[in-house]
Amino acid sequence: MPLFSHRHNSSALPTSTTTNSSYSAKDQKLHKLNSKISLPILLFSLLSIFFGLAGIIFAVNAVRRPSPLPVYRCGRSEDTFRAFYSLSDSGKLRDNGALLDRPKLLGFVGIQTGFGSADRRAALRSTWFPSDPDRLLRLEQATGIAFRFVIGKSKDAKKTAQLEKEIDKYRDFMLIDVQEEYLKLPYKTLAYFKAAFLHFEADYYVKADDDIYLRPDRLATLLAKERSNPLTYIGCMKKGHVITDPKMKWYEKSGHLIGNEYFLHAYGPIYVLSANVVASLAAARNNSLRMFSNEDVTIGSWMLAMNVHHEDNRAICDPRCTSTSIAVWDIPKCSGLCNPAFRMKELHNISMCSKSPTLPPDDR
């Protein structure tokens with residue numbers, strides 16, 4: 001028996017050793033395989049945790065950080081007045097707690113000005129045009145009309161820097177994306193109407209020059225008048241001989257397209273377009289509208305093509321202050337006031353200009 005038992009144990013030993021070695025090799029392979037699989041998983045898990053934490057931190061900061069304030073830009077135009085009030089967070093331009101992106105107005109008046117007209121703007125601010133944002137806002141609230149100086153861009157860095165100082169002080173500009181050049185006035189006018197339409201929802205849009213004396217209260221009375229035609233063009237209407245001599249003022253390079261006499265159109269220093277008219281201009285491509293040399297003729301040609309109602313009103317081109325005058329300038333002697341920086345203040349000191357009563361709506 002012992003011998004048998006010994007032989008039995010001896011014969012079993014090699015089998016047991018072989019089996020253990022086999023399992024040991026399999027374990028090692030599985031361990032290596034698991035190591036290869038677990039390393040990418042580990043890295044992926046760590047990256048997921050990292051991005052998850054980053055997302056949580058960003059979300060917390062976004063909630064804690066105040067919302068960015070609006071800058072009141074439309075395309076490349078900017079209303080510096082509304083940008084000022086949005087930054088001041090005064091609530092004066094708010095409706096039900098929210099700043100209005102496109103406020104509803106009776107009218108919007110863009111005073112066309114240039115880089116060399118600082119003296120004219122100063123004269124206006126010392127007379128009928130308010131000289132600080134709060135007074136400008138009160139005028140808007142009293143009349144339903146917003147007023148801004150409208151200016152384009154200059155390649156002159158010094159002129160641009162001087163304008164920026166004036167903007168910071170008064171905040172009463174609408175900046176538009178067009179180069180300031182006298183020969184490009186039709187392009188500036190179109191850019192103005194497009195920008196004004198994008199920034200404001202008004203019943204009427206007024207183009208005015210910076211060398212006329214204006215009564216905002218009487219202008220509001222004129223604009224508030226009931227009109228049956230939604231396509232309206234208000235101004236001091238004129239006709240005249242087409243100037244085809246290059247040596248003469250008001251030379252019209254494309255005069256051959258017009259003929260001997262101009263069609264009916266308004267004088268350039270001030271005119272009014274109704275909302276539907278301006279909406280059509282705002283939707284037009286720049287190169288789809290004929291540009292003549294003179295801005296008033298250019299606008300008149302567009303109005304002719306659009307089949308608008310021409311409303312002739314001599315109260316907005318009065319050569320002297322009267323009980324009915326809305327805009328005063330030296331027609332026909334000058335296209336605006338002659339020596340405007342001086343004449344603006346002179347007119348403002350006349351009671352009939354600055355202090356006479358506003359006419360009731362029925363009288364306009």
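Is phenylalanine 129 buried or exposed? I looked up its relative accessibility: at 0%, phenylalanine 129 counts as buried (under 20% relative accessible area; exposed is over 50%, partly exposed in between; 1.4 Å probe, protein chains only).

Notes on the source. I am working with a predicted model, where local features need pLDDT of at least 70 and side-chain atom pairs count only at pLDDT 80 or more, while totals for chains, interfaces and linings use all residues. Residues are numbered from 1 along each chain as its sequence is written, and side-chain values use heavy atoms, with hydrogens and water left out.

Aromatic pairs. I found 11 in the structure. Rings of Phe, Tyr and Trp (its six-membered ring) pair if their centres lie within 6.5 Å; planes under 30 degrees apart are stacked, over 60 edge-to-face, the rest tilted.

I checked phenylalanine 108 with phenylalanine 200. The pair is stacked, at 4.6 Å centre to centre and 25 degrees between the planes. Phenylalanine 108 lies in strand E5 (104–112) and phenylalanine 200 in the loop between helix H6 (185–199) and strand E8 (201–209), so the pair ties together parts 92 residues apart in sequence. Helices (H or I, at least four residues) and strands (E, at least two) are DSSP runs, numbered from the N terminus.

Next I took tryptophan 128 and phenylalanine 129. Their pair is edge-to-face: 5.6 Å centre to centre, 70 degrees between the planes. Tryptophan 128 counts as buried at 8% relative accessibility.

I also noted one aromatic cluster, formed by Phe108, Tyr192, Phe193, Phe200, Tyr233 and Tyr271.
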